[in-house]
Structure formats: C-alpha cells, structure tokens
Amino acid sequence: MTIGTTSTVRVNDATSKPFLITLSDKEKQHVSQVSNKNVFSKGRKRFQFLVTLCAALGGMQAGITLGWTSPILPFLTSAESFLPELCEDQISWITSLLAVGAIVGAVPAGKIADRIGRKLAIVLTAVPFATCWLTLLTTRSITSIYAARFVGGIGAGAVCVLVPVYAGEIAQASIRGALGAFFPLLFSSGIMFSYVAGAYCSYVVFNIACCAILVPFVLSVFFMPESPMWLVQKDRKDQAAKVLVTLRGARYDIAGEIAVFQDDIDRMANASGGFKDLIGTRAGRRAAVTCVGLMFFQQLCGVDAVLFYTVNIFQAANSTIDPFLATIVIGLTEVVMTIFVASVIDRFGRKPLLIISGTLMTVCLSVLGYYFKLKDGGSDVSTFGWLPLTSLALFNIVFSIGYGSVPFTVISEIFPPETKGVASSMSIVVHWSLVFAVTKLFPTMEDRMGQAATFWTFSCFTAASAIFAYFIVPETKGKTLQEIQNKLKRRQRSKMDYQVEPV
C-alpha cells in the first residue's frame, strides 16, 4: 500500500487489480504524525482491544443470564416467593431452559451474520435479552419464567457464536488469543454481577439492574467497525481497507491482509461450507474432533452445575461460610483468573493451559467428593467447614486457566473461513446441549447417586480432559490459519515441544 500527498490510497488485492480508498483528513494527519512504527502498532492494538471489549459486552449479558438462577432459586423456593411451592422438576426446567433457547439462537446466528454483517447481528441479540428481563419484571407465573429463560437463552446462544467470530476476524495473529479471552472474561463478569446483585437486591431491583446493563452494550456496538473479512466477502474492499487502517494503522501491510481475505473467500466460493466440507479432509476431521472434544469436556467437568446451583451446594455442604458470600468469592475468582489467562495465553500457549486445567480440576473435585462422603457418612466435618469454598474456588481458578477460556480461542483459530460458520454452530450446539443435560440432570444425580459420587463422576471427566488435551489438541499459539491447517494435516508428533515466548 502506498500513501501519497493526496487522500487516495492505492491497494492491490489478490488478483493484482488496484482499487482506491479515501482517507479522511484525520486519518492522514494521524499517519503523518506517527514516525515510530512500534508506537503506532501498540496504539492500534489497544484499539483492537477496545473494539473487542465493546462486542464482548454481549457476553456479559449471556453470563448474567446464566448466573441468574444461583441467587434467585433460593428466593423462588422460599416462603417469600410469589410462586407456589416448586418441585424438583420445575426447578431443573428453570435452569435448563436457558440452554434449549441457546441452541435455537446458535444454529441460525452464523447464517444471519453472513447476510446482514457481524456488527448488526451482534446488536440484534439485545432484543431477546431485553425481552427476557421485561418478561421477568412484568409477570409472576412459572410459565412466564420458563418463557423468559428460553428467550434469554436465544440471545446467549447467538452471542456465543457471533462475538468469538467477530473477535477472530478483526484480530492480528500476535494478539488473537488475548482478544479471544475477552469473551469469557466478560461472560465471567456477568456471572459475578448476578451473584453480587442477586445476593443484595430484591427480585425486582435485580432484574432492573440486569436490563440496565444492556444500555452500554447497545450504545457501544455502534462504535465498532464492521468485520473487514465480511466486507471483502461482500466485495466492499474500499471499506475493508479503511477498517483495516483503523484497526492496524496505515503502516501495516493492509494489501497483504486483504489478499489473504480474498484467497479465503475464493476458497469459500468453491465449497458449500457444509458438514461435508468440514469432515472431507484430514485437517477438517481433526479440527472437528478437537472442537467437539473441547466442548464435551468443558461441560462434563460440571462447571455449569456449580454455577447454576452454587448457593444450593454450599447450603447442602453445611459450610461455616455464608452461602451467598461464598458464591460471590467463586464468581470473583473466575473473573480474576480469566484476566490472568488473557495476559498469558499468547505467551504460554493453549495446550499447556488445558493440560494443567484438567489435571488440577480432577484434584479439586475429588477432594470435594471426599468431603461429601465424610459428611453423608455421619462424620463431624465442622472442622473442615472451609473446605467446600476452598475446593470450589480452586476448581473455578483452574477451570478458568484452561477449559474456561481456551476452547473458544482454539475453536476460533482452527477452522478455515469456508467451514467456520458450520463449525461454530456445531460447537455451540454441542456446548449448550451439554449445558442442558448437566443442569437438568444434576439435581437427579445428587438425589440418586449422592453428592460424593456426583462430584467424583465429574472428576473422571476432568482427568480424561487432560489426556485429551495432551494427545489430540493442536497448539495454535502465534500461528496463522495456514500454519494451523498444515499442522492438522500432518500426523501428531509423539513428542510435544512447548515454547515460551520471552517477556
């Protein structure tokens, strides 16, 4: 790309045909004032972080919706509730209908974003979220709560598809992992918000606060640029180049990146983008196995059972710590550790974090299961009243280190554009289907198997997750899409080599 004294920039695409874009006076002045390339790059990277943060506010809404049941279920089952006495089946439907709605929202989200653009699709997710909160505020029946949870789930499922795709398409390879961690970070912050507001606010005030969080999300989306990948796909390369100038800086190789986009789009044109293209190659099959496996183990570690029923778990454990306070501690540890993961994921890589996470979750859940075994066996556990909080807090920490954040990052990296849509929808459907299964069956498992056996069952899955990460998951740290695809095509090397980037 060459910049002259005029406001016109000439960019060559993959077919070597030049096209013109026009820089505003502000953009020209900004470029002329910058003489240090590294300083310019840092400024543009900060802008990419800001844009991703705006989009990830939708993830915060999804987290609020997910964490809503933990402080609210004790109220709905108490004497002060506006509902008649709830049975176990009704309670499980209140928690699990969110996941059913998420599946409905996730399936068409990718296609809708391809048609109307990533930016508009993201802002439209505010509609089901607003409908959810307004329904909860204006109605007082079990049926309306079911409906609100289902509709809120539609927004959560769509956001889980759209925001990671958008973040992956605007990010530079060197910070792609950190940007990808913004979604789980805001998701965790939403859960934390639910825990705090739900513990200290009334039912009505809590739902008003949840609805109010939508305002900054809707307003901030309008400041986000459209995905340059989508603009090139729609043959709007002049707009794509302007967006890349905004995201990368005028000194960045914008022509080269647009050429990569065009090459990806050309391949998309020659493929249907369906499930056959996904599993039609060795790389596609390995990516699909990785995708499904990460979603499988992320949920079967029992994390959403913990998040949905945190207060109930602490009440059942007879912990010496206030259940609502303990729940807030759990939420806080998840937020802090997600921030930590965002800062180290592009340095230490994805694979080691997953292995560490799976191994340590196994220890935490095994200890918690042993505590419940002693309690249910009639032993005096008052001396160890701190153990449930410690075990679950550590579980949340090590979950956030690996399986909380990394799967979404890996999934956004390992699929080529022609299959990313179907792969993202597939991963989210698997994710929310397992959320539904775990949250619906968790009360039954506790009742029939006992809490000790329930948590030991989850610990078996976490042990398997560490093995899966070691042998199956490819390392994607700092690699381009082409390098990742070439690695997936090759047979897995028997010896793993983890490199740590210098600080």
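Is Asp 89 buried, exposed or partly exposed, and at what relative accessibility? At 42% relative accessibility, Asp 89 counts as partly exposed, where buried means under 20% relative accessible area, exposed over 50%, and partly exposed in between (1.4 Å probe, protein chains only).

This is a predicted model, in which local features need pLDDT of at least 70, side-chain atom pairs count only at pLDDT 80 or more, and totals for chains, interfaces and linings use all residues. Residues are numbered from 1 along each chain as its sequence is written, and side-chain values use heavy atoms, with hydrogens and water left out.

**Salt bridge between Asp 89 and Lys 440**

- The structure holds 3 salt bridges, each being a side-chain nitrogen of Lys or Arg within 4 Å of a carboxyl oxygen of Asp or Glu.
- One of them joins the side chains of Asp 89 and Lys 440, at 3.1 Å from N to O.
- This pair links distant parts of the chain, 351 residues apart: Asp 89 lies in helix H4 (residues 88-116) and Lys 440 in helix H23 (residues 417-449).
- Helices (H or I, at least four residues) are DSSP runs numbered from the N terminus.
- Lys 440 counts as buried, at 15% relative accessibility.

**Salt bridges of Arg 118**

- Arg 118 and Asp 114 meet through their side chains in a salt bridge of 2.7 Å, N to O.
- Arg 118 is buried at a relative accessible area of 7%, whereas Asp 114 is partly exposed at 26%.
- Glu 169 also forms a salt bridge with Arg 118, with the closest N and O atoms 2.9 Å apart.
- Shared partners join Asp 114, Arg 118 and Glu 169 into one network of salt bridges.

**Helix H22**

- Helix H22 (residues 406-414) is mostly covered, with 9 of its 9 residues buried.

Note on methods: Helices (H or I, at least four residues) and strands (E, at least two) are DSSP runs, numbered from the N terminus.
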